[in-house]
Amino acid sequence: MSEEQEILLALGKRIDQLRKQKGMSFQTLANMSDFEKSNLVKLVSRGSNVTVSTLIRISDALEVNLHELFFFETDSER
């Protein structure tokens, strides 16, 4: 797996972790961030690539600072 894919997967897991902590469904987060639910599921499960503006909308919907989405370690960093 490439480093880029590893980072995208870790980012998706972090977003899902924050979503669950906030007690939000995929649909609620998708609606609040103006992002298709199917694309959100892909981001979380497969680490699909997203734009910075999408990440800003997701962080706003989760009520966290953008940089908090990046509080994770990849397997290669452990």
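Predicted model: local features only at pLDDT ≥ 70, side-chain atom pairs only at ≥ 80, totals over all residues.

Reader: What arc do the buried residues of α2 cover around the axis?

Author: Leu-29, Ala-30 and Ser-33 are buried in α2. They sit on the same side of α2, because the arc around the axis is only 100°.

Reader: Which helices do the buried residues of α2 pack against?

Author: Take the buried set again: Leu-29, Ala-30 and Ser-33. Their packing partners are α1, α3 and α4.

Reader: How are α2 and α4 oriented to each other?

Author: The two axes come within 8 Å. They cross at roughly 120°. The crossing is right-handed. Angles from 65 to 115 degrees would count as roughly perpendicular, and those over 145 as roughly antiparallel. The pair α2 and α4 is therefore oblique.

Reader: How many nonpolar residues are in the contact of α2 with α4?

Author: From α2 come Leu-29, Met-32 and Ser-33. From α4 come Arg-57, Ile-58, Ala-61 and Leu-62. One residue of the contact is polar and one is charged; the nonpolar ones number five.

Reader: Is α1 roughly parallel or roughly antiparallel to α4?

Author: Helix α1 spans residues 3-21 and α4 spans residues 52-62. Their axes come within 10 Å and cross at roughly 25°. Angles under 35 degrees count as roughly parallel. So α1 and α4 are roughly parallel.

Reader: Is the crossing of α1 and α4 left-handed or right-handed?

Author: The contact brings Leu-11, Ile-15, Leu-18 and Arg-19 of α1 to Leu-55, Ile-58 and Leu-62 of α4. These residues divide into six nonpolar, no polar and one charged. The crossing of this pair is left-handed.

Reader: Within what arc do the buried residues of α4 fall?

Author: The buried residues are Thr-54, Leu-55, Ile-58, Ser-59, Ala-61 and Leu-62. They line one face of α4, because seen down the axis they fall within an arc of 160°.

Reader: Which residues are exposed on the other side of α4?

Author: The buried residues of α4 have cover that includes α1, α2 and α3. On the other side, the exposed residues are Val-52 and Asp-60.

Terms used
Residues numbered from 1 in each chain as written. Heavy atoms only, no water. Axes fitted to C-alpha atoms, helices over the stretch in contact; angles between N-to-C directions. Helix = DSSP H or I, 4+ residues; strand = E, 2+ residues; numbered from the N terminus. Left-handed = near helix turned anticlockwise from the far one by under 90°. Contact = heavy atoms within 4.5 Å. Nonpolar A, V, L, I, M, F, W, Y, C, P; charged D, E, K, R; others polar. Buried < 20%, exposed > 50% of the residue type's maximum accessible area, 1.4 Å probe, protein only. Arc of directions from axis to C-beta.
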